[in-house]
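Work through the exercises below with the sequence and the model open. Each task is followed by a solution in steps.

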Amino acid sequence: MSNILSKLTNEQVSEFLLENPDFLLQNPALLTQLELQQHAQGATSLVHIQQRQLREHNAMLKHKIDELIEHAKENEQIYSLFSECHRQLWTNYDFKTLAVNLRNIICTNAAISECHLLKYDTKFDDLITHRLMNDGTYLGRVSQQERDLLFRPQTQSTALYLIGNSKHPVAILAFGSDDANHFEPAKDSLFVLEFVRSLQLRLLELELA
């Protein structure tokens, strides 16, 4: 018997136990021997190992659920914020007033310390070339020179959106956060990009009026 068992692989034993989950319950003497051997070696019992694995699995599931809940709350807040910004587009009739009202709304989010809607100026050309040339969007950190152009010294991470395009820029919408990790490339920008498209249409309309 021992020769047969010695030829079994770990995978075969594991497969057998998975296919026969009551095997150890139906052979309590074997389970007792295993527990005694593990205690003799200073290890925990199989039951304790299983309990620990279940606790670890439950902790991992709880962490994932907490992350999903936090993400849903953040999305709800962002949606509410930019819904109000959309309303401002059609109740403001000059650039300066719109810029001020957008700043006041966006900065109600505790994670965002600055919001600037800035008309295009040639001083932004290097910034556009280095950060906004491809798709008109940049999330992350900027150089000190770029930060001095747009933000306070305390700003650690930024979100930049080009209104118009690199050949015909109209304005720059810039958000700043004191949290170095708040704006990063993987951050979901769906609601912001929808607003940027609407903002571009509105600014072109005001420009032509």
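**Exercise 1. Find the residues of the largest nonpolar core that touch the most other members, and the elements that supply this core.**

Solution. The largest nonpolar core has 28 residues, and F82, L117, L173, F175, L199 and L203 touch the most other members. Two or more residues come from each of helix 5 (46–89), helix 6 (95–106), strand 1 (114–119), strand 3 (157–164), strand 4 (169–177) and helix 9 (190–208). Helix 6 gives the most, with six residues. Apart from this core lies another one of 12 residues, including F124, I128, Y138 and F151.

Terms used here: a nonpolar core is a set of buried Ala, Val, Leu, Ile, Met, Phe, Trp, Tyr and Cys residues joined through side-chain atoms within 4.5 Å. Buried means under 20% relative accessible area, exposed over 50%, and partly exposed in between, with a 1.4 Å probe and protein chains only. Helices (H or I, at least four residues) and strands (E, at least two) are DSSP runs numbered from the N terminus.

The model is predicted: local features need pLDDT of at least 70, side-chain atom pairs count only at pLDDT 80 or more, and totals for chains, interfaces and linings use all residues. Residues are numbered from 1 along each chain as its sequence is written, and side-chain values use heavy atoms, with hydrogens and water left out.

**Exercise 2. List what L199 is in contact with, leaving aside neighbours within four places in sequence.**

Solution. Contact means heavy atoms within 4.5 Å. By this cut-off, L199 meets L89, L98, L102, L117, I163 and L173. As background, nonpolar side chains tend to be buried together in soluble globular proteins.

**Exercise 3. Describe how strand 4 is covered and paired.**

Solution. Start with burial: nine of the nine residues of strand 4 are buried. Next, pairing, which requires that DSSP finds at least two bridges between two strands. Strand 1 and strand 4 run antiparallel and are joined by six bridges; here K119 stands opposite A171. Strand 3 also pairs with strand 4 in the antiparallel sense, over eight bridges, and L162 has I172 as its bridge partner. A hairpin of four residues connects strand 3 to strand 4.

**Exercise 4. Is R202 buried or exposed, and which backbone oxygen lies 3.0 Å from a polar atom of its side chain?**

Solution. R202 is in helix 9. Its relative accessible area is 5%, so R202 is buried. The oxygen belongs to the backbone of N92. Beyond four places in sequence, R202 is in contact with L89, W90, N92 and Y93. S198, also placed in helix 9, touches H86 and L89 when residues up to four places away are not counted.

Notes
Polar contact = N/O pair within 3.5 Å; in protein donor to acceptor, adjacent residues only side chain to side chain.
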